[in-house]
Amino acid sequence: MSRVVVTGRIPEAAVEKLRAEHEVDAWQGPESIGREELLRRVAGAHAVVSLLTERIDSELLDAAGPQLKVVANVAVGYDNIDVAACTERGIVATNTPGVLTDATADIALGLILMATRRLGEGERLVRSGRPWTWGMFFLLGSSLRGKTLGIVGMGGIGQATARRARAFGMEIIYQSRSEIDPGIAAELGARRVDLDELLSVSDIVSVHCPYGPATHHLIGAEQLAIMKDSAYLINTARGPIVDEAALASALGDGQIAGAGLDVYENEPRVHPGLLELENVALVPHLGSATVETRTAMAMLAADNTLAVLSDQRPPAPIN
């Protein structure tokens with residue numbers, strides 16, 4: 001039997017699936033595992049099932065030892081993994097694409113509604129106990145029908161968000177490294193543009209691209225200055241794609257109308273300037289947070305692990 005280390009709490013069904021064939025050491029603490037404890041536990045492991053809160057780098061791979069065969073990330077993003085270091089050592093790295101597409105697109109649409117209809121402001125007002133009275137101009141927001149949604153990164157989640165936006169009567173443009181399937185483009189009425197054009201004409205900009213060196217601060221002060229003063233920025237991808245300090249400044253100065261964020265540059269810390277503003281909806285990385293989705297993610301990570309340990313191709317390899 002091989003030894004599998006699970007770095008954080010995952011649904012028990014996935015742990016049991018792994019345990020049926022291998023020895024499993026699963027972290028059960030209420031908080032994330034500490035770095036020293038993680039390095040100690042991975043020693044001698046044949047597989048590491050990791051969460052996005054754990055940094056999988058050369059130090060950890062060396063601590064595990066040469067018998068390590070697979071790192072299975074329970075996430076679609078894998079910026080926490082040094083994939084090159086894994087590849088150099090002959091270690092397979094995997095992720096969990098597809099299974100969280102709908103859940104994340106739902107959150108993106110939810111943040112669009114929260115930001116444009118000022119739902120966060122309204123909820124905070126009611127809970128505060130302050131008096132309020134309905135009026136024709138009370139907490140006026142912006143409608144979606146006929147507006148343009150600009151999607152940065154038109155992968156599965158971007159496309160799923162576009163489908164939801166179409167149901168609200170929105171027009172779709174997108175920026176991506178390559179053209180999407182012509183049939184899908186026709187279905188969505190989606191047109192590919194460059195980033196500057198997307199920023200300048202979109203009423204809502206929704207970020208769905210992967211994070212890496214090429215997309216670090218892809219949306220910064222220069223890009224925010226291109227956007228309409230009536231536009232909204234939504235980010236459900238990875239926090240460092242957006243320069244939070246620049247965003248806080250743009251929101252505070254009325255350079256753009258509002259924003260909705262599920263991810264943060266230095267998560268879980270949020271830029272203090274954002275916390276002071278009413279025109280930004282802030283939620284704590286809930287993109288995949290449904291029982292069904294998190295279970296599916298963990299089960300796919302287990303399948304990836306079992307496949308590699310059986311010398312088979314995993315369902316979702318990265319390298």
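Residues are numbered from 1 along each chain as its sequence is written, and side-chain values use heavy atoms, with hydrogens and water left out. Because the model is predicted, local features require a pLDDT of at least 70 and side-chain atom pairs count only at pLDDT 80 or more, whereas totals for chains, interfaces and linings use all residues.

Helices (H or I, at least four residues) and strands (E, at least two) are DSSP runs, numbered from the N terminus. Two strands are taken to pair if DSSP finds at least two bridges between them. Strand β10 (residues 232–235) runs parallel to β11 and is joined to it by four bridges; within this pairing, Ile234 stands opposite Gly260. On β12 (residues 280–282), three bridges pair the strand with β11, again in the parallel sense, and Ala281 is the bridge partner of Gly260. Together, β10, helix α11 (residues 244–252) and β11 make a right-handed β-α-β unit; a crossover is right-handed if, with the strands pointing away from the viewer, the path from the first strand over the helix to the second runs clockwise.

In a regular strand the side chains alternate between the two faces of the sheet.

A nonpolar core is defined as a set of buried Ala, Val, Leu, Ile, Met, Phe, Trp, Tyr and Cys residues joined through side-chain atoms within 4.5 Å. The largest such core has 30 residues, of which Leu224, Met227, Leu233 and Leu247 touch the most other members. At least two residues of this core are supplied by each of α9 (195–201), β9 (204–207), α11 and β11, and the largest share, five residues, comes from α11. Leu224 is in contact (heavy atoms within 4.5 Å) with Ile219, Leu233, Ala246, Leu247, Ala250, Gln255 and Ile256, leaving aside its neighbours within four places in sequence. A second, separate core of 23 residues includes Ala26, Val49, Ile157 and Ala302. In soluble globular proteins, nonpolar side chains tend to be buried together.

With a salt bridge defined as a side-chain nitrogen of Lys or Arg within 4 Å of a carboxyl oxygen of Asp or Glu, the count comes to 24. One of these joins Asp106 to Arg164, with the closest N and O atoms 2.7 Å apart. Asp106 lies in helix α5 (residues 101–116) and Arg164 in helix α7 (residues 156–167), so this pair ties together parts that are 58 residues apart in sequence. Both residues are partly exposed, Asp106 at 44% relative accessibility and Arg164 at 21%. In the salt bridge between Arg118 and Glu121, the closest N and O atoms are 3.0 Å apart; Arg118 is partly exposed at 28%, whereas Glu121 is buried at 16%. A further salt bridge links Arg191 and Glu197, at 3.2 Å between the closest N and O atoms, and its members are partly exposed, with values of 44% for Arg191 and 31% for Glu197. Salt bridges that share partners also join Arg3, Glu23, Asp25, Glu37, Arg40 and Arg41 into one network.

Glu121 belongs to helix α6 (residues 119–128), where Gly120, Glu121, Gly122 and Leu125 are buried. The buried residues of α6 pack against α5. Just after α6, Gly129 takes a positive phi of about 85°.

The structure holds one aromatic pair. Rings of Phe, Tyr and Trp (its six-membered ring) pair if their centres lie within 6.5 Å, and planes under 30 degrees apart count as stacked, over 60 as edge-to-face and the rest as tilted. Trp132 and Phe138 form a stacked pair, 5.8 Å centre to centre with 5° between the planes. Trp132 is partly exposed at 47% relative accessibility, as is Phe138 at 30%.

Finally, Ser32 is found in the loop between β2 (23–26) and α2 (35–42). Its C-alpha atom is separated by 6.4 Å from that of Gly8, 24 residues away along the chain. Ser32 touches Trp27, Thr53 and Glu54, not counting residues up to four places away in sequence.

Technical notes:
Buried < 20%, exposed > 50% of the residue type's maximum accessible area, 1.4 Å probe, protein only.
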